[in-house]
Structure formats: C-alpha cells, structure tokens
Amino acid sequence: MTWADIGQIVTSAIVSAGGVGFIGYCAVKSSVKHIADALAKKYEAKLAEELEKYKSELLKSEYVTKQFFDVQLEIYRNLNRKFFQAFVSVNQVAPMGKVRVSSDPDEQAERRKQQIETAYQNCVEAQFALKENSAFISPDIFLKFQDILQLLQEQVEYVATNREITIETTPANIIQTTMDISDKMDKASYAIYEKLSKYKVI
C-alpha cells in the first residue's frame with residue numbers, strides 16, 4: 001500500500017462521516033474545550049486572589065468580646081490622659097512656646113516651684129498608669145510611652161536641679177525636647193487609635 005492509497009482511504013473516511021462538517025465539528029469541540037479551560041483557570045486565579053484578600057483582612061482584625069474591648073478602651077484612655085496631664089505640666093516649666101509669667105520675681109519663683117512639684121507628681125502618676133497596666137498594653141505602644149516617660153522625667157529633673165533658670169532663659173535644647181515629646185505624644189495617641197480600630201467586637 002502506497003501513501004497515495006492511505007490518503008485516499010482517509011479522505012473516503014472523512015467524506016463518509018460528513019465531510020467538512022465533521023472537521024468543523026472537531027475544530028469547534030476542540031476550541032470550546034480550550035476556551036472553557038482558559039476561563040476556568042482565569043476565574044480560579046481570581047477566586048484565589050479574592051480569598052487571599054479576605055484572609056489578609058481577617059488577619060488584620062482582632063475579634064474580641066465587648067467586655068474585653070471596654071477594658072482595653074478604659075486602659076488606653078486612662079494612659080493617654082495621664083501622660084497628657086504630665087506633658088502639659090512639664091510644658092509649664094520647660095515650655096515650647098510662650099507662657100504667662102508674673103512680674104513679681106518672688107511670686108514667679110513660688111509659682112515655678114509649685115509647677116515643678118505638679119509636673120513631678122503628674123510624671124509619677126503617668127508612670128504608675130503605664131506600669132500598672134503593662135500586661136494589658138500592646139508592647140509597641142508600651143515602648144512608645146516608656147520613651148515619653150523617660151523624656152518627661154528628664155525635663156522635670158533638669159528644671160528641678162537648675163532653679164536659677166527661668167522661663168525666659170530655658171536652653172534651646174530643653175525647649176526642643178519638649179517639642180519632641182509633643183510629637184511623640186501625637187504618635188503614641190495615633191498608635192492607640194490604630195490598635196483599637198483593629199478590634200472587631202463579637
């Protein structure tokens with residue numbers, strides 16, 4: 001049997017099976033299968049992508065009870081309040097801006113003494129609020145407030161041991177430190193907001 005004979009047999013088979021229609025049917029069937037496979041892969045990839053996004057969102061959230069959320073809210077609120085009070089009192093004795101002073105030197109000296117004592121007491125209360133709740137505060141937030149506390153205490157220590165320095169003669173580096181504390185307070189407060197906003201109450 002020659003190649004010509006084989007070709008004739010194949011041609012006869014195609015003609016007897018419907019000719020061109022059979023070839024078209026095979027081509028369409030193959031194309032449909034190819035398209036279906038391509039679409040399946042496309043939607044499978046899309047589904048996997050959406051699933052990963054969903055899992056990522058779940059990981060960002062922390063599901064807690066209302067009781068837990070309320071306790072956390074109170075701890076952070078108290079912590080922020082105590083540190084803000086400490087900062088305000090430190091800003092009175094090592095101000096980053098203008099403050100009112102008395103024209104009477106004795107009165108001003110007495111006022112400054114009271115302000116230093118208030119600043120010291122507020123720093124103690126801020127430290128107590130931080131240490132008392134250390135087990136319930138996020139480690140990164142704890143470190144932020146610990147850093148702030150150290151700076152506040154250093155400011156109070158400086159003005160307490162340098163009584164001859166007045167509001168008007170406060171060194172530039174001390175003023176800058178108070179400004180730095182203000183900036184760190186803003187960042188710590190925002191860290192609290194971010195932490196609480198991740199909680200999903202169930």
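Which residues do ring pairs link into a cluster? I took this question as the start of my notes on this predicted model.

**Entry 1: aromatic rings.** I searched the whole structure for aromatic pairs and found 4. I then looked at one of them, formed by Phe 68 and Tyr 199. I noted that a pair of aromatic rings is described by the distance of the centres and the angle of the planes. For Phe 68 and Tyr 199 I recorded 5.8 Å centre to centre and 85° between the planes. The arrangement is edge-to-face, because the angle is over 60 degrees.

**Entry 2: placement of the pair.** I located Phe 68 in helix H3, which covers residues 66-93, and Tyr 199 in strand S2, which covers residues 199-201. The pair therefore ties together parts that are 131 residues apart in sequence.

**Entry 3: the cluster.** Returning to my opening question, I found that ring pairs link Phe 68, Phe 69 and Tyr 199 into a cluster.

Entry 4: I looked up Tyr 199 and recorded 8% relative accessibility, so Tyr 199 counts as buried. Phe 68 has 38% relative accessibility and counts as partly exposed.

**Entry 5: Ile 202.** I next turned to the segment after S2, where Ile 202 has its place. Ile 202 counts as exposed, with 69% relative accessibility. Leaving aside neighbours within four places in sequence, I listed Tyr 63, Val 64, Thr 65 and Lys 66 as the residues in contact with Ile 202. For Thr 65 I also noted the C-alpha separation from Ile 202, which is 5.3 Å, although these two residues are 137 residues apart along the chain.

Conventions. Residues are numbered from 1 along each chain as its sequence is written. This is a predicted model: local features need pLDDT of at least 70, side-chain atom pairs count only at pLDDT 80 or more; totals for chains, interfaces and linings use all residues. Side-chain values use heavy atoms; hydrogens and water are left out. Rings of Phe, Tyr and Trp (its six-membered ring) pair if their centres lie within 6.5 Å; planes under 30 degrees apart count as stacked, over 60 as edge-to-face and the rest as tilted. Helices (H or I, at least four residues) and strands (E, at least two) are DSSP runs, numbered from the N terminus. Buried means under 20% relative accessible area, exposed over 50%, partly exposed in between (1.4 Å probe, protein chains only). Contact means heavy atoms within 4.5 Å.
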